[in-house]
Amino acid sequence: MAHRPDGLPVGLLFSPHSLTAEVEKTQIRATCLAIEEVNAQGGVNGRPLVPHLPDIGAGAADYRRAAERLCAEADVQVFFGTHMSNSRKATLPVVEGRGALLFYPTLYEGFEFSRNCLYTGAAPNQNSVQLAAHILTRYGKRVFFVGNNYVFAHESNRIMRDLFEQAQGTVCAEIYLPFEVSAEALQQVMAQAEALAPDVIYSTLVGRDTVKLHEAFARSPLRARGVPIASVATNEADLAQMGAELAEGCLAAAPYFSSLRSDASLRFVAAYRARFGAQAPITAGAEAAYSQVWMFALAAAQAGFAGRAGQAGLSPLLEALGTVRFDAPQGPVKLDMDTHHSYLWPRIAQASAQGVFEVIGEAARRVKPEPFMVQHHFGGAYPEHV
């Protein structure tokens, strides 16, 4: 198989302009770090990975246009990225139509399969189930939903509602807000929550809107009464924006938090901060972005991948991806090629007074992905799943 002398082009689909730009910045950095490490070790069969990072706008269609441009102008067949579900869904038809491959490093709502996509972030059975169990065990059965008005929030809330109702819980309200929501709208949401007196607020707001929610919540008597905000989407980039005072006490579920003290995590954090700064936030999305580059590189070397995919050409690479094991910062991970999702390590964390997510519960073993939630239910009880 002929090797092109100019290296193996890969596309990075992250935006510095989107609502979730701060967490996407962590994913760009982690992707670049992994590419640098792979290239320092000889690349893929002697060929360096050559990253192409276009300036992508804020909208979902901007990601699609960037993917089209990279395919046409740079002969890119492998992509790392997109973040919000609307940008992934906008980009996938391009990837599928070109016979290319997208590695998607972000938690999402599940209920999707594409032969041309590898999902390396958490599926709902790897975060929502664990977070619901933790809330029900430690806080109570009355939950208040607030989220952005798009597919991730609607589907995540549907799953969380099912889990709470299995435990005879109550969803007090389910509110959806536009992107870039106003402070006034969030004050009205807080007033409604105060009247309903939930045990927990479950947020599916993302990016800058998460920070605004915590600003409104700080002025609410709910916080003083110990009612937490819980989320599967809030991350260290959000904490860095809101500051320790606003962040303290919030709950999150993810496979990785940068406070994890395993050897693999410590190496990753040290390398990341040596490259990007001692205060640079590191998120679960960044960890997945880092790990998926390595999994691709290992599989591509094994399959003799030369950069040309096409639907038929994908088969050897996909077959190799099914055999790859990687000692990721979260713990050893692998791909489940029946679903194209990843075996991951669910964890629950709470933000400390220092504005750091401290792990308060974790799985004893990695959890098989079930993106369609076929087998997951509480069955009348809600034991700790971490």
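The model is predicted, so local features require pLDDT of at least 70 and side-chain atom pairs count only at pLDDT 80 or more, while totals for chains, interfaces and linings use all residues. Residues are numbered from 1 along each chain as its sequence is written, and side-chain values use heavy atoms, with hydrogens and water left out.

Two packed helices are described by the angle between their axes and the distance between the axes. Helices (H or I, at least four residues) and strands (E, at least two) are DSSP runs numbered from the N terminus. Axes are lines fitted to C-alpha atoms, for helices over the stretch in contact, with angles from 0 to 180 degrees between N-to-C directions. The axes of α6 (residues 183-196) and α7 (residues 208-218) come within 9 Å and cross at roughly 55°. The two helices α6 and α7 are therefore oblique to each other; angles under 35 degrees count as roughly parallel, over 145 as roughly antiparallel, 65 to 115 as roughly perpendicular and the rest as oblique.

Which residues in α6 and α7 meet? From α6 come L186, Q187 and M190, and from α7 come D209, K212, L213, A216 and F217, where contact means heavy atoms within 4.5 Å. The residues of this contact divide into five nonpolar, one polar and two charged. Ala, Val, Leu, Ile, Met, Phe, Trp, Tyr, Cys and Pro count as nonpolar, Asp, Glu, Lys and Arg as charged, and the others, Gly among them, as polar.

The spaces are found on a 1 Å grid over the protein atoms alone: a cavity is a set of points where a 1.4 Å probe fits but cannot get out, a pocket is an open set with protein on both sides within 12 Å along at least five of seven lines, and lining residues have an atom within 4 Å of a point. Grid points are joined across faces, edges and corners, and a volume is the space filled by probe spheres set on the points.

The structure holds three cavities of 30 Å³ or more. The largest cavity has about 360 Å³ of space. Its lining has 34 residues, of which H83, T106, L107, V232 and A233 are the closest to its centre. Helix α12 gives the most to this lining, with four residues.

The second largest cavity has about 40 Å³ of space, and α12 again provides the largest share of its lining, four residues.

The largest pocket has a volume of about 260 Å³. Among its 14 lining residues, R273, Q279, P281, G355 and V356 lie nearest its centre.
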